[in-house]
Amino acid sequence: EIFLFSLPMVECNGLLAEELGEQISAGGFFSNDDFKIFSQIIRETSLSGLLKSYRLVGKYGAAYALARMCSPEIGCDVILYAQSTSALFGERLYEIFLVVKRYDVDKFQTFVKSKMSTLRKSPTLTKIGETIPSFLKIVSSKNEKIEIRLETTEIIQRYERGWFDKLDHIQ
């Protein structure tokens with residue numbers, strides 16, 4: 001099972017906007033205390049033995065982070081609430097994907113929620129989907145139905161090709 005653990009603070013259109021030649025915009029606030037506790041919760045959860053995998057959402061946002069989690073054999077089927085395809089690639093600090101074994105879901109949710117009560121700003125822990133063989137599938141059910149469906153081998157090939165393309169421009 002795949003969860004999104006999020007402490008909404010700062011949101012921006014980030015690196016994708018920069019690459020598209022759009023104006024970069026951001027908004028929100030930052031709380032050192034909340035970030036410290038949020039980080040501690042993530043650390044304690046990672047040490048608990050309840051996680052199969054995790055990935056911090058960073059540059060290029062949630063869709064990119066999910067794509068980078070894929071292997072040739074393992075993908076995911078998730079629902080992410082976004083108002084546009086570009087919003088799926090927006091950067092929202094602080095978010096992390098957590099993958100949990102099905103039989104550990106209840107124990108995991110109880111563990112994380114017991115830790116969340118110490119934060120002033122409420123984080124969210126949302127089950128967004130599950131792992132599936134060989135495909136990345138992202139559906140959004142807000143405003144318009146956005147669907148991204150790619151074979152995981154294609155994702156990996158595109159990623160590697162992108163690196164080669166970038167490196168060719170450096171030489």
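Me: What makes helix 2 and helix 5 count as meeting in this predicted model?
Reply: Contact means heavy atoms within 4.5 Å. By that rule, Ile41, Glu44 and Thr45 of helix 2 meet Phe108, Phe111, Val112, Lys115 and Met116 of helix 5.

Me: Why are helix 2 and helix 5 called roughly antiparallel?
Reply: Their packing angle is about 155°, and their axes lie 10 Å apart. Angles over 145 degrees count as roughly antiparallel, so helix 2 and helix 5 are described that way. Helix 2 passes helix 5 in a right-handed crossing.

Me: How do you know that the buried residues of helix 5 are on the same side?
Reply: The buried residues are Val105, Phe108, Val112 and Met116. They cover an arc of only 65° around the axis, which puts them on the same side of helix 5. Asp106, Lys107 and Thr110, on the other side of helix 5, are exposed.

Me: What do the buried residues of helix 5 pack against?
Reply: Their partners are strand 1 (2–12), helix 2 (32–47), strand 3 (51–56), strand 5 (91–100) and strand 6 (124–133).

Me: How does the reach of helix 5 compare with the expected value?
Reply: Helix 5 covers residues 105–116, which is 12 residues. From first C-alpha to last, helix 5 reaches 16 Å, close to the 16 Å expected at 1.5 Å a residue.

Me: Why is Ile79 called partly exposed?
Reply: Buried means under 20% relative accessible area and exposed means over 50%, with partly exposed in between. Ile79 has 39%, so Ile79 is partly exposed. Ile79 belongs to strand 4 (residues 74–79). The C-alpha atoms of Ile79 and Val139 are separated by 4.8 Å, although these residues are 60 residues apart along the chain.

Conventions. Residues numbered from 1 in each chain as written. Predicted model: local features only at pLDDT ≥ 70, side-chain atom pairs only at ≥ 80, totals over all residues. Heavy atoms only, no water. Helix = DSSP H or I, 4+ residues; strand = E, 2+ residues; numbered from the N terminus. Expected span 1.5 Å × (residues − 1). Buried < 20%, exposed > 50% of the residue type's maximum accessible area, 1.4 Å probe, protein only. Arc of directions from axis to C-beta. Axes fitted to C-alpha atoms, helices over the stretch in contact; angles between N-to-C directions. Parallel < 35°, antiparallel > 145°, perpendicular 65-115°, else oblique. Left-handed = near helix turned anticlockwise from the far one by under 90°.
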